[in-house]
Amino acid sequence: MSTATAGPVSGAPTGWPSRRVLVILLILSVVLNVCFLAGAAWTRLHAPARWGDLEQRYQRMAAELNLEPQQRAGFDAYVAAMRTRTEKMRAQVTPLMNAAWEEIAKPQADVAQVMRLFDEAAEKRREFQREATARTLDFLAILSPPQRAKFVVIAHERRGLRAH
(Lines give C-alpha, C1' and ligand atoms only; values in the text may rest on other atoms or scores of the structure.)
Protein backbone atom coordinates (compact mmCIF):
# COMPACT_ATOMS: atom_id res chain seq x y z
CA MET A 1 0.00 0.00 0.00
CA SER A 2 1.33 3.43 -0.90
CA THR A 3 1.40 6.48 1.35
CA ALA A 4 -0.99 8.34 -0.93
CA THR A 5 -3.81 5.85 -0.38
CA ALA A 6 -3.07 5.06 3.22
CA GLY A 7 -4.30 8.43 4.54
CA PRO A 8 -2.61 10.69 7.04
CA VAL A 9 0.27 9.52 9.10
CA SER A 10 -0.84 8.58 12.57
CA GLY A 11 -0.13 11.17 15.25
CA ALA A 12 -0.53 14.22 12.91
CA PRO A 13 -3.57 16.38 13.76
CA THR A 14 -6.07 16.21 10.90
CA GLY A 15 -7.05 19.67 9.59
CA TRP A 16 -5.55 21.50 12.60
CA PRO A 17 -4.01 24.42 10.65
CA SER A 18 -7.32 25.17 8.89
CA ARG A 19 -9.23 24.93 12.20
CA ARG A 20 -6.77 27.31 13.82
CA VAL A 21 -7.27 29.85 11.01
CA LEU A 22 -11.04 29.45 11.33
CA VAL A 23 -10.92 30.01 15.11
CA ILE A 24 -8.68 33.07 14.69
CA LEU A 25 -11.03 34.55 12.06
CA LEU A 26 -14.03 33.88 14.28
CA ILE A 27 -12.39 35.58 17.27
CA LEU A 28 -11.33 38.52 15.10
CA SER A 29 -14.87 38.88 13.78
CA VAL A 30 -16.32 38.89 17.31
CA VAL A 31 -13.78 41.48 18.48
CA LEU A 32 -14.54 43.77 15.51
CA ASN A 33 -18.28 43.47 16.06
CA VAL A 34 -17.93 44.26 19.77
CA CYS A 35 -15.78 47.31 18.91
CA PHE A 36 -18.35 48.50 16.37
CA LEU A 37 -21.22 48.12 18.84
CA ALA A 38 -19.25 49.86 21.60
CA GLY A 39 -18.45 52.74 19.23
CA ALA A 40 -22.09 53.06 18.19
CA ALA A 41 -23.20 53.08 21.84
CA TRP A 42 -20.55 55.64 22.79
CA THR A 43 -21.62 57.91 19.93
CA ARG A 44 -25.25 57.74 21.08
CA LEU A 45 -24.38 58.42 24.70
CA HIS A 46 -21.95 61.26 23.94
CA ALA A 47 -23.81 62.99 21.14
CA PRO A 48 -23.05 66.71 20.76
CA ALA A 49 -25.66 69.10 22.06
CA ARG A 50 -28.33 69.68 19.47
CA TRP A 51 -29.73 73.05 18.63
CA GLY A 52 -33.20 71.62 18.02
CA ASP A 53 -35.45 72.82 15.26
CA LEU A 54 -35.09 76.20 13.62
CA GLU A 55 -37.57 77.94 15.91
CA GLN A 56 -35.79 76.62 19.01
CA ARG A 57 -32.45 77.82 17.63
CA TYR A 58 -33.77 81.31 17.05
CA GLN A 59 -35.34 81.42 20.52
CA ARG A 60 -32.12 80.19 22.13
CA MET A 61 -30.08 82.73 20.18
CA ALA A 62 -32.36 85.59 21.21
CA ALA A 63 -32.16 84.50 24.85
CA GLU A 64 -28.37 84.18 24.79
CA LEU A 65 -27.99 87.59 23.18
CA ASN A 66 -30.11 89.15 25.94
CA LEU A 67 -31.82 91.50 23.49
CA GLU A 68 -33.51 94.74 24.46
CA PRO A 69 -37.05 95.30 23.08
CA GLN A 70 -35.84 97.36 20.09
CA GLN A 71 -33.14 94.80 19.33
CA ARG A 72 -35.69 91.99 19.68
CA ALA A 73 -37.88 93.65 17.05
CA GLY A 74 -34.85 93.87 14.76
CA PHE A 75 -34.00 90.24 15.48
CA ASP A 76 -37.55 89.11 14.70
CA ALA A 77 -37.46 91.03 11.40
CA TYR A 78 -34.05 89.48 10.61
CA VAL A 79 -35.34 85.97 11.35
CA ALA A 80 -38.46 86.50 9.23
CA ALA A 81 -36.37 87.80 6.32
CA MET A 82 -33.97 84.84 6.57
CA ARG A 83 -36.85 82.34 6.62
CA THR A 84 -38.51 83.94 3.62
CA ARG A 85 -35.26 84.12 1.67
CA THR A 86 -34.30 80.54 2.53
CA GLU A 87 -37.66 79.22 1.32
CA LYS A 88 -37.34 81.28 -1.87
CA MET A 89 -33.84 79.90 -2.48
CA ARG A 90 -35.03 76.32 -1.94
CA ALA A 91 -37.94 76.87 -4.30
CA GLN A 92 -35.52 78.12 -6.97
CA VAL A 93 -32.67 75.64 -6.41
CA THR A 94 -34.56 72.37 -5.91
CA PRO A 95 -36.03 72.19 -9.44
CA LEU A 96 -32.60 72.97 -10.91
CA MET A 97 -30.91 70.23 -8.90
CA ASN A 98 -33.68 67.75 -9.73
CA ALA A 99 -33.39 68.56 -13.43
CA ALA A 100 -29.60 68.12 -13.31
CA TRP A 101 -29.92 64.71 -11.67
CA GLU A 102 -32.62 63.67 -14.14
CA GLU A 103 -30.24 64.55 -16.95
CA ILE A 104 -27.38 62.67 -15.28
CA ALA A 105 -29.62 59.58 -15.06
CA LYS A 106 -30.10 59.48 -18.83
CA PRO A 107 -28.00 56.98 -20.79
CA GLN A 108 -26.59 59.79 -22.95
CA ALA A 109 -26.53 62.68 -20.50
CA ASP A 110 -25.88 66.14 -21.91
CA VAL A 111 -22.84 67.26 -19.91
CA ALA A 112 -23.26 70.89 -20.92
CA GLN A 113 -26.88 70.87 -19.72
CA VAL A 114 -25.90 69.27 -16.39
CA MET A 115 -23.14 71.81 -15.84
CA ARG A 116 -25.44 74.70 -16.75
CA LEU A 117 -28.07 73.51 -14.25
CA PHE A 118 -25.51 73.06 -11.47
CA ASP A 119 -24.01 76.48 -12.23
CA GLU A 120 -27.44 78.09 -12.14
CA ALA A 121 -28.21 76.43 -8.79
CA ALA A 122 -24.84 77.56 -7.40
CA GLU A 123 -25.51 81.12 -8.57
CA LYS A 124 -28.89 81.11 -6.79
CA ARG A 125 -27.12 79.95 -3.62
CA ARG A 126 -24.45 82.65 -3.99
CA GLU A 127 -27.19 85.24 -4.45
CA PHE A 128 -28.83 84.02 -1.24
CA GLN A 129 -25.48 84.15 0.59
CA ARG A 130 -24.89 87.73 -0.52
CA GLU A 131 -28.38 88.78 0.61
CA ALA A 132 -28.07 86.85 3.88
CA THR A 133 -24.73 88.50 4.58
CA ALA A 134 -26.15 91.96 3.96
CA ARG A 135 -29.15 91.26 6.23
CA THR A 136 -26.91 89.81 8.92
CA LEU A 137 -24.62 92.84 8.87
CA ASP A 138 -27.66 95.13 9.09
CA PHE A 139 -28.89 93.21 12.14
CA LEU A 140 -25.47 93.14 13.77
CA ALA A 141 -25.28 96.94 13.48
CA ILE A 142 -27.99 97.26 16.16
CA LEU A 143 -26.14 95.02 18.63
CA SER A 144 -23.55 96.02 21.18
CA PRO A 145 -19.98 94.79 20.62
CA PRO A 146 -20.36 91.98 23.23
CA GLN A 147 -23.66 90.91 21.62
CA ARG A 148 -22.03 90.89 18.18
CA ALA A 149 -19.21 88.71 19.52
CA LYS A 150 -21.76 86.37 21.12
CA PHE A 151 -23.73 86.18 17.85
CA VAL A 152 -20.58 85.13 16.00
CA VAL A 153 -19.79 82.46 18.60
CA ILE A 154 -23.34 81.09 18.39
CA ALA A 155 -23.27 81.10 14.58
CA HIS A 156 -19.95 79.23 14.58
CA GLU A 157 -21.21 76.68 17.11
CA ARG A 158 -24.27 76.02 15.01
CA ARG A 159 -22.16 75.34 11.97
CA GLY A 160 -19.69 73.20 13.87
CA LEU A 161 -16.90 75.76 13.53
CA ARG A 162 -14.80 77.37 16.20
CA ALA A 163 -14.53 81.10 16.58
CA HIS A 164 -10.96 82.37 16.49
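Me: Helices (H or I, at least four residues) and strands (E, at least two residues) are DSSP runs, numbered from the N terminus. How many helices does the protein have?

Reply: This is a predicted model, in which local features need pLDDT of at least 70 and side-chain atom pairs count only at pLDDT 80 or more, whereas totals for chains, interfaces and linings use all residues. Residues are numbered from 1 along each chain as its sequence is written, and side-chain values use heavy atoms, with hydrogens and water left out. The pattern read along the sequence is α-α-α-α-α-α. The protein has zero strands, and its number of helices is six.

Me: What percentage of the residues of the protein count as buried?

Reply: A residue is buried at under 20% relative accessible area, exposed at over 50%, and partly exposed in between (1.4 Å probe, protein chains only). The protein has 164 residues, and the buried share of them is 20%.

Me: Among contacts between residues at least 6 apart in sequence, what percentage join residues at least 24 apart?

Reply: A contact means heavy atoms within 4.5 Å. Once the count is limited to partners at least 6 apart in sequence, the share that joins residues at least 24 apart is 61%.

Me: What is the phi of Asn-66?

Reply: Most residues other than glycine have a negative phi. Asn-66 lies in the loop between helix H3 (54–65) and H4; with a relative accessible area of 61%, Asn-66 is exposed. Although Asn-66 is not a glycine, its phi is positive, at about 55°.

Me: Does Arg-85 count as buried or exposed?

Reply: Arg-85 has its place in helix H4, which covers residues 69–105. Its relative accessibility is 8%, and therefore Arg-85 counts as buried.

Me: With which side chain does that of Arg-85 form a polar contact?

Reply: A polar contact is a pair of N or O atoms within 3.5 Å; within protein, one must be able to donate a hydrogen and the other to accept it, and residues adjacent in sequence count only if both atoms are side-chain atoms. When neighbours within four places in sequence are left aside, Arg-85 is in contact with Gln-92, Lys-124, Glu-127, Phe-128 and Glu-131. The polar contact of the Arg-85 side chain spans 3.3 Å, and the partner is Glu-127.

Me: How are H4 and H5 arranged relative to each other?

Reply: Axes are lines fitted to C-alpha atoms, for helices over the stretch in contact, and angles run from 0 to 180 degrees between N-to-C directions. The axes of H4 and helix H5 (residues 111–140) come within 9 Å and cross at roughly 175°. Angles under 35 degrees count as roughly parallel, over 145 as roughly antiparallel, 65 to 115 as roughly perpendicular and the rest as oblique. H4 and H5 are therefore roughly antiparallel.

Me: How many aromatic pairs are there?

Reply: Rings of Phe, Tyr and Trp (its six-membered ring) pair if their centres lie within 6.5 Å; planes under 30 degrees apart count as stacked, over 60 as edge-to-face and the rest as tilted. By this rule, the number of aromatic pairs is six.

Me: What kind of aromatic pair do Tyr-78 and Phe-139 form?

Reply: The ring centres of Tyr-78 and Phe-139 are 5.1 Å apart, with 15° between the planes, and the pair is stacked. Tyr-78 lies in helix H4 and Phe-139 in helix H5, so the pair ties together parts 61 residues apart in sequence. Tyr-78 is buried at 10% relative accessible area, and Phe-139 is buried at 3%. The kind of pair that Tyr-78 and Phe-139 form is stacked.

Me: What kind of aromatic pair do Tyr-78 and Phe-151 form?

Reply: Both Tyr-78 and Phe-151 are buried. Their ring centres are 6.3 Å apart, with 70° between the planes, which makes the pair edge-to-face. Phe-151 lies in helix H6 (residues 145–158), 73 residues from Tyr-78 in helix H4. The kind of pair that Tyr-78 and Phe-151 form is edge-to-face.

Me: How far is the backbone oxygen of Arg-90 from a polar atom of the side chain of Thr-94?

Reply: Thr-94 lies in helix H4 and counts as partly exposed at 42% relative accessibility. The distance from a polar atom of its side chain to the backbone oxygen of Arg-90 is 2.8 Å.

Me: What distance separates the C-alpha atoms of Met-115 and Ala-100?

Reply: Met-115 is found in helix H5 and counts as partly exposed, at 45% relative accessibility. Met-115 and Ala-100 are 15 residues apart along the chain, and their C-alpha atoms are separated by 7.9 Å.
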